[in-house]
Amino acid sequence: MLGTASPGTFGFLQGLGVVPVAYGPGLADRATALAPGGISAAIDLFGTETVDAALMLGVPPDRISSVAGGPTRAGVRATGAHAADPRALERITDAILAGTVTVPIAESFPIDRVRDAVARQAERHTHGKIVVRP
């Protein structure tokens, strides 16, 4: 599995078992070098760069999802909470409890520090989820 990131995040991705590839110009070429057998699916969690690279590499549009980029090219799915299957939360919870999905927690804040949590998330360079707790 490949994951796009800045070089400062490569160690984090490797710790998750992901082969890191730097985003930016030339992404499709770098991905091809790391996966010479091809890319079969892609998800873009920020913008549309990964969508563009996946299309360039021949990934079928119905095998590409864009979470943050909004509607993109014909056939590419714009996904997010609005499109979630109501049963997904139970399946995700089961996968986390079974250990098949890991959710890294970057930082946890009490509810009275929700502004701090939002500010931390706005930095856009967290390695994991920001949690707000009671």
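Buried means under 20% relative accessible area, exposed over 50%, and partly exposed in between, taken with a 1.4 Å probe and protein chains only. This is a predicted model, where local features need pLDDT of at least 70, side-chain atom pairs count only at pLDDT 80 or more, and totals for chains, interfaces and linings use all residues. Residues are numbered from 1 along each chain as its sequence is written, and side-chain values use heavy atoms, with hydrogens and water left out.

View 1. Helices (H or I, at least four residues) and strands (E, at least two) are DSSP runs, numbered from the N terminus. The order from the N terminus is β-α-β-α-β-α-β-β-α-β-α-β. The C-alpha trace spans about 45 × 35 × 30 Å along its principal axes. Of the 134 residues, 23% are buried. The protein exposes about 8,900 Å², and carbon and sulfur atoms supply 60% of that area. Accessible areas come from the Shrake-Rupley method with a 1.4 Å probe; for residues, only the protein chains shown count as cover.

**View 2. E107 and R120 meet in a salt bridge.** A salt bridge is a side-chain nitrogen of Lys or Arg within 4 Å of a carboxyl oxygen of Asp or Glu. Here the N to O distance is 2.9 Å. E107 lies in strand 6 (residues 105-110) and R120 in helix 5 (residues 114-122), so the pair ties together parts that are 13 residues apart in sequence. Both side chains belong to partly exposed residues: E107 has 28% relative accessibility, and R120 has 23%.

**View 3. D116 pairs with R113.** The side chains form a salt bridge at 2.8 Å, N to O. D116 is partly exposed, at 37% relative accessible area. R113 is partly exposed too, at 36%. The structure holds five salt bridges.

**View 4. D85, R87 and R91 form a salt-bridge network.** One of its links joins D85 to R91, with the closest N and O atoms 3.9 Å apart. D85 has a relative accessible area of 27%, which makes this residue partly exposed. R91 is partly exposed at 49% relative accessibility.

**View 5. A nonpolar patch on the surface is made of I92, I96, V101, V103 and I105.** Patches are made of residues with over 30% relative accessible area and no salt bridge; like charges are joined within 9 Å, and nonpolar side chains (Val, Leu, Ile, Met, Phe, Trp, Tyr) within 5 Å. Together the five residues have about 390 Å² of accessible area. I92 sits in helix 4 (residues 88-98). With 46% relative accessible area, I92 is partly exposed.

**View 6. Y23 lies in the loop between strand 2 (19-22) and helix 2 (27-34).** Y23 is partly exposed, with a relative accessible area of 42%. Contact means heavy atoms within 4.5 Å. Beyond its neighbours within four places in sequence, Y23 is in contact with T4, A5, S6, R30 and E49. From Y23 to A119 the C-alpha distance is 24 Å, and the two are 96 residues apart in sequence.
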